[in-house]
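Grab the structure and follow along.

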Number of protein chains: 2
Amino acid sequence: MKIGALEAGGTKMVCAIGDENGQILDQISVPTTTPDETMPKIIEYFKDKNIEALGIASFGPVDVNKNSPTYGFIVKTPKLAWANYNIVGVMRQAMNVPIGFDTDVNGSLLGEVTWGAAQGLTDVAYITIGTGVGGGILSGGKVVHGMLHPEMGHVKVIPVPGDTYAGKCPFHGNCLEGMAAGPAIRDRWGAPGHELVDKPEVWYYESDYIAQAVVMLILTVSPQRVILGGGVMHQLHLFPLIRRKVAEKLNGYLETRELADLDSYIVPAGCNDDQGIMGAVKLGLDALAEG
Amino acid sequence: MKIGALEAGGTKMVCAIGDENGQILDQISVPTTTPDETMPKIIEYFKDKNIEALGIASFGPVDVNKNSPTYGFIVKTPKLAWANYNIVGVMRQAMNVPIGFDTDVNGSLLGEVTWGAAQGLTDVAYITIGTGVGGGILSGGKVVHGMLHPEMGHVKVIPVPGDTYAGKCPFHGNCLEGMAAGPAIRDRWGAPGHELVDKPEVWYYESDYIAQAVVMLILTVSPQRVILGGGVMHQLHLFPLIRRKVAEKLNGYLETRELADLDSYIVPAGCNDDQGIMGAVKLGLDALAEG
């Protein structure tokens with residue numbers, strides 16, 4: 001079975017062919033410039049691959065409400081060439097196969113649930129901390145969408161005492177993304193995270209903000225596991241720091257089997273950084289099943 | 001059709017008979033003292049009412065996981081006589097009818113979705129601000145449970161500049177409940193909320209903390225509507241304050257049809273304060289349907 005997968009990112013578009021086991025059989029990457037330049041290359045790639053369905057996991061905000069007149073559109077985005085762009089419509093016209101569509105981070109969540117670190121679970125939170133911060137939630141086996149979709153990178157965090165950084169988010173200053181995403185680390189410390197491994201103050205702040213988000217999710221949607229992915233989380237030494245701070249912040253309020261073992265509760269992504277494109281395969285598989 | 005409904009609260013147990021339209025046909029209230037004293041009175045009430053099913057919406061934390069050996073128990077609670085109490089088991093033995101069970105706030109959420117201010121919606125958040133603060137979430141038409149259930153009263157809030165109150169929560173100090181619940185108002189201002197209507201500083205702080213919780217929910221689970229219930233929200237002048245602060249805090253980041261009309265988006269409960277007991281009726285109806 002050959003399923004097309006498009007992970008539409010703000011800097012590059014990953015196009016791949018996957019199968020029903022999430023195996024990626026072939027993959028290319030196209031720079032994200034303008035739709036006029038980028039989309040023909042994507043269509044060219046998929047055109048002769050005999051795919052049975054296509055999954056698109058896209059940067060956003062996107063409209064994932066199937067009853068909406070703008071379903072399948074990238075809506076408002078700072079990348080103006082892509083604002084109000086009907087990415088699903090364009091691909092459907094070109095390919096004529098069932099198309100599944102969701103946010104990039106919901107794609108990664110699906111990849112982790114189907115083939116990664118959350119297999120067999122029904123209630124899961126996935127947070128990506130990289131160029132931006134985003135989150136996806138699985139509740140009762142279903143991806144949470146709501147009126148739009150989660151935008152949890154923009155949840156406010158409480159400044160850690162001693163931290164005077166104002167935050168990098170143009171909308172909210174010191175929200176989670178404004179304080180903890182890769183560009184915030186670079187802006188605040190003058191270097192990217194992987195060059196700052198030996199500076200404990202970097203990770204003291206970073207782990208606190210991420211722990212705040214994890215605690216917020218525990219108290220709000222009560223996931224059975226929290227997966228932390230994205231470039232910043234390649235710093236695996238963050239995990240024990242985050243787990244310790246989560247325990248401190250919960251302060252014994254909740255007692256569950258899952259929280260009693262934080263090493264298994266707060267975990268790295270489990271798809272070798274392929275959770276996004278594998279999730280797009282899963283979106284395609286689901287679209288095929290729905291017909 | 002006669003459905004039994006038990007709204008199990010920390011100070012009183014409301015017992016009622018309702019029908020398939022959520023009409024409450026009869027109702028009594030029993031003080032919550034100890035199980036030995038309280039439970040026989042509840043059983044006595046329901047015993048000869050010929051109910052076809054029973055719904056229980058309970059204070060907690062409770063175990064609502066049907067696969068758990070302690071399903072139907074009130075688990076850890078400061079009301080020690082009720083800790084690890086099998087309330088569903090005791091009622092099942094006494095009544096021999098299908099029993100539905102959930103938290104008190106999920107009961108209220110269900111009442112509002114079925115017969116109140118959220119009819120027809122699939123993604124809803126309900127927050128109660130009263131003696132405590134709690135929240136329930138409907139996602140894709142299903143109540144969110146996860147590993148336990150939401151405990152969103154304990155989400156941390158950011159102190160409003162100028163607010164020096166340390167918060168009343170024994171676990172978290174200045175969490176939402178610690179800053180905004182009725183006891184926090186009384187502790188901080190020396191009087192209950194309904195005697196403080198003319199003090200704008202009370203509502204300036206109060207509305208900010210509630211708005212923080214609403215914004216957090218919008219960014220996390222993206223509800224189509226947010227319902228605010230509970231005793232504190234009887235102060236209806238809070239609603240315009242909360243709506244204004246939610247708009248300020250979102251700062252134009254999200255554009256949706258729903259958020260364009262905050263008067264319809266952030267609303268009071270719509271069941272005349274009967275959402276809890278009506279939700280318990282719905283829990284009973286659902287248990288009957290499941291058999």
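**Exercise 1.** How many salt bridges does a search of the whole structure find over all chains?

*Solution.* First, the ground rules. This is a predicted model, where local features need pLDDT of at least 70, side-chain atom pairs count only at pLDDT 80 or more, and totals for chains, interfaces and linings use all residues. Residues are numbered from 1 along each chain as its sequence is written, chains are lettered from A and ligands numbered from 1 in written order, and side-chain values use heavy atoms, leaving out hydrogens and water. Next, the criterion: a salt bridge is a side-chain nitrogen of Lys or Arg within 4 Å of a carboxyl oxygen of Asp or Glu. Searching over all chains then gives 18 salt bridges.

**Exercise 2.** Take the salt bridge between A:Asp48 and A:Lys49. Is A:Lys49 buried or exposed?

*Solution.* Start with the pair: N to O is 3.7 Å. Now apply the cut-offs (buried is under 20% relative accessible area, exposed over 50%, partly exposed in between; 1.4 Å probe, protein chains only). A:Lys49 comes out at 19%, so it's buried. A:Asp48, at 60%, is exposed.

**Exercise 3.** Which residue forms a salt bridge with B:Glu258?

*Solution.* It's B:Arg257, with the closest N and O atoms 3.4 Å apart. Then check accessibility: B:Glu258 is buried at 15%, while B:Arg257 is exposed at 67%.

**Exercise 4.** Which residues are linked with A:Asp208 in a network of salt bridges?

*Solution.* Follow the links from A:Asp208 and you'll pick up A:Lys245 and A:Lys249.
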